[in-house]
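Dear colleague,

Here is the structure for your files.

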Amino acid sequence: MNQRHDHFPEGADFNASLRSRYRVATIWQILFLSALLIAIIALTALLYNVVDGAFGYIAYEYKDDPAEFTSTPVNELTKDELLVILKENLSSGAYNKLENEQPMQERSQADLLNLFLERLVRIDTKNTWSMTDSLLRGDAIRAEVTEKYPDAILEFRSWLTPQFLVTPMSSKAEFAGVRTAILGSLWMVGLAILFALPIGTGAAIYLQEYAPKGWFTNIIQTNINNLAGVPSIVYGMLGLAVFVRTLEAFTSGSMFGVTDSNGRTVLSAGLTMGILVLPLIIINAQEAIKAVPDSLRQAAYGVGATRWQTIWHHVLPNALPGILTGSILAISRALGETAPLIVVGASTFISIDPDGPFSKFTALPIQIYQWTTRAQSEFHAIAASAIIMLLVLLLTLNASAIMLRNRYQRKY
């Protein structure tokens, strides 16, 4: 009884011990709640900072009066009128260059209006203000513009517009868009997943279902785990050495008859990103395969199924939701990486959309990086809009993968 009393306090000692345990539990609960609140506050501050830069007042002037080219108000110009104005006032070389990029007749009215404002009228941005300043200091901003820029036009602008999404890159922030960067990111992520997902899943199946347990397999497994933590710039150097230089005949498309490209193509970037996310896919696929109950394998063997039939008809269908979870993480990492793309040769300024794996390209992270390094405040505003687009694109791709994963979860 004395020994039991030493291990199980009674009476006042029991009550004191119970209060102490509850006190410790309450302290830990408060710490966990504080960590959650800090994370929420940090995420909210990040999102607000991005949105704050994508909206706000802008003060600008026209370098050339639009009345010199037309008596019609700018916003009322029709497509035919814009075509005539551009044809008459642009130099033949500039007009032919635009015509070669895309026939002028096929361009939209909004695109032609942007060309008119960019090439002929030419907007001179005097200053921009954040959304917070615009909402809280509206009167002060209007007074400042009246005093410093008496000829300027002041308007509250959303830099994130439908036109911003469908316009290619421009040297002027007021007319720049992210169409080329979005298409480049989609091409890159698509090629990366197309390359990495089947290879990573196949490697995981072999390591989990076929490979004999021994020192050699343990070395391979350890290296895969270590590769998942290697800095992305190292993969960029690997991509430069292997895909851009050594395999240039393949990645440039010269072995297929392409003559206007080199190894710095979207294919090189996609393969580099595929190598980058390959360890992540292998590890997640292994864990998903390992989570399949062994009783399913034994039941299949019991009715005469081969190992491959067991894997194909029972193991893989049940592991597929977990494998798709790994692909979601891979998409997230591939879409947001910048360092490997800089090394591989992504363009910081390009206005031609990628139309195949052998095209020159840029990507949203590269575009955002290039804009944030510019001194002009208007470039920071469109960088904030591009960040919002990157988040939307990432959430859209992830949501698609999650829906596919949930479908297989319900099925199996």
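Over the ring of which residue does the charged end of Arg374 sit? The ring is that of Phe379, with the charged end 4.0 Å from its centre; a charge sits over a ring if NZ of Lys or CZ of Arg is within 6 Å of the ring centre and within 35 degrees of the ring normal. Arg157 lies over the face of Trp159, 5.1 Å from the ring centre.

On provenance: this is a predicted model, in which local features need pLDDT of at least 70 and side-chain atom pairs count only at pLDDT 80 or more, while totals for chains, interfaces and linings use all residues. Residues are numbered from 1 along each chain as its sequence is written, and side-chain values use heavy atoms, with hydrogens and water left out.

The structure holds ten aromatic pairs (ring centres of Phe, Tyr or Trp, the last by its six-membered ring, within 6.5 Å; planes under 30 degrees apart are stacked, over 60 edge-to-face, the rest tilted). Tyr60 and Tyr62 have ring centres 5.9 Å apart and planes at 65°, so they are edge-to-face. Tyr60 is buried at 6% relative accessibility, whereas Tyr62 is partly exposed at 29%; buried means under 20% relative accessible area, exposed over 50%, partly exposed in between, with a 1.4 Å probe and protein chains only.

Phe164 and Trp371 make a tilted pair, with ring centres 6.4 Å apart and planes at 40°. Phe164 belongs to helix H8 (residues 162-166) and Trp371 to helix H17 (residues 364-372), so the pair ties together parts 207 residues apart in sequence. Both Phe164 and Trp371 are buried. Separately, Phe250, Phe256 and Phe358 form one aromatic cluster.

Helix H13 also holds Gln286, which counts as buried at 6% relative accessibility. Its side chain is joined to that of Gln221 by a polar contact of 2.8 Å (N or O atoms within 3.5 Å, one able to donate a hydrogen and the other to accept it; residues adjacent in sequence count only if both atoms are side-chain atoms).

Regards

Notes:
Helix = DSSP H or I, 4+ residues; strand = E, 2+ residues; numbered from the N terminus.
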